[in-house]
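Please read it with the structure open.

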Amino acid sequence: MPIHKNTIRFLIDLESNNNRDWFNENKSLYLTAIADFNAYLDDLIIEIAKFDESLIAVKAKDCVFRIYRDVRFSKDKSPYKPHFSAYICGGGRKSNLPGYYFHLDPFQSFIAGGKYMPEAEELLAIRTKIADNFVSFQEIINEPKFKAKFGEVSRDFSLKTAPKGFPKDHAALELLKLKSFTVSQKCSEKEIKNLEFVAESFKTMKPLLDFLR
């Protein structure tokens, strides 16, 4: 079933009233909205599991992030995230596996996926695999449908020079510099609420996850 318009409305209102008093007074609206979000995700996971068997036993409750912000080290002391989000992969949000990310935001929803900021050992393994299989990796990220949906692999986190142990003249150097291997797609409200659209985008993304896994 599609995400209900009242779920979007709740997030818009939370953006304007991000304080504990308002949230506590409207707790019932939150509970209804998060239940609606979970129901949508359960349906989405069923669709993804049709092409990614690692998700067969996964449920929305395993994947959804808490709405409460950790403000200990942030200048922004707003107590709540004005969005709903989930990390979908075998083992759920606490897993270290490459997976699918779903972000519902009334002002800019998006989907993403890949491996975000892997630890040193895994980062080396990914870089090594890309270096040894650059042609195969290029075929994945340059496939026309993939390229149309996601554009380039994100360059947000990258070294300025070649990582230790890799030649400075390697054909894959710009990718080897990366510290994170993700792609994303901005979505309109109509698109993010469309189960088939989101599932199809994740299906297009899956070869990248297979490579990173």
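1. Is Cys89 buried or exposed? Cys89 has 0% relative accessibility, so it counts as buried (buried is under 20% relative accessible area, exposed over 50%, partly exposed in between, with a 1.4 Å probe and protein chains only). Cys63, also at 0%, counts as buried.

2. On the basis of the note: this is a predicted model, in which local features need pLDDT of at least 70 and side-chain atom pairs count only at pLDDT 80 or more, while totals for chains, interfaces and linings use all residues. Residues are numbered from 1 along each chain as its sequence is written, and side-chain values use heavy atoms, with hydrogens and water left out.

3. The structure holds 0 disulfides (a disulfide is a pair of cysteine sulfur atoms within 2.5 Å). The closest cysteine sulfur to that of Cys89 belongs to Cys63 and is 6.8 Å away, which is too far for a bond.

4. The sheet is open and has 4 strands in the order β1-β2-β3-β4, with antiparallel pairing. Its edge strands, β1 (84-88) and β4 (181-187), each pair on one side only. From one strand to the next the twist averages 15°. Helices (H or I, at least four residues) and strands (E, at least two) are DSSP runs, numbered from the N terminus; two strands pair if DSSP finds at least two bridges between them. Between β3 (residues 109-115) and β4 there are 7 bridges, and Ser109 has Cys187 in β4 as its bridge partner.

5. Helix α3 (residues 27-49) packs on this sheet and touches β1 and β2 (99-104) (contact means heavy atoms within 4.5 Å). The direction of α3 makes about 30° with that of β1; axes are lines fitted to C-alpha atoms, for helices over the stretch in contact, and angles run from 0 to 180 degrees between N-to-C directions.

6. The aromatic pairs number 17. Rings of Phe, Tyr and Trp (its six-membered ring) pair if their centres lie within 6.5 Å; planes under 30 degrees apart count as stacked, over 60 as edge-to-face and the rest as tilted. Phe10 and Phe84 are stacked because their ring centres are 6.3 Å apart and their planes at 20°. Phe10 lies in helix α1 (residues 5-16) and Phe84 in strand β1, so the pair ties together parts 74 residues apart in sequence. Phe10 and Phe84 are both buried.
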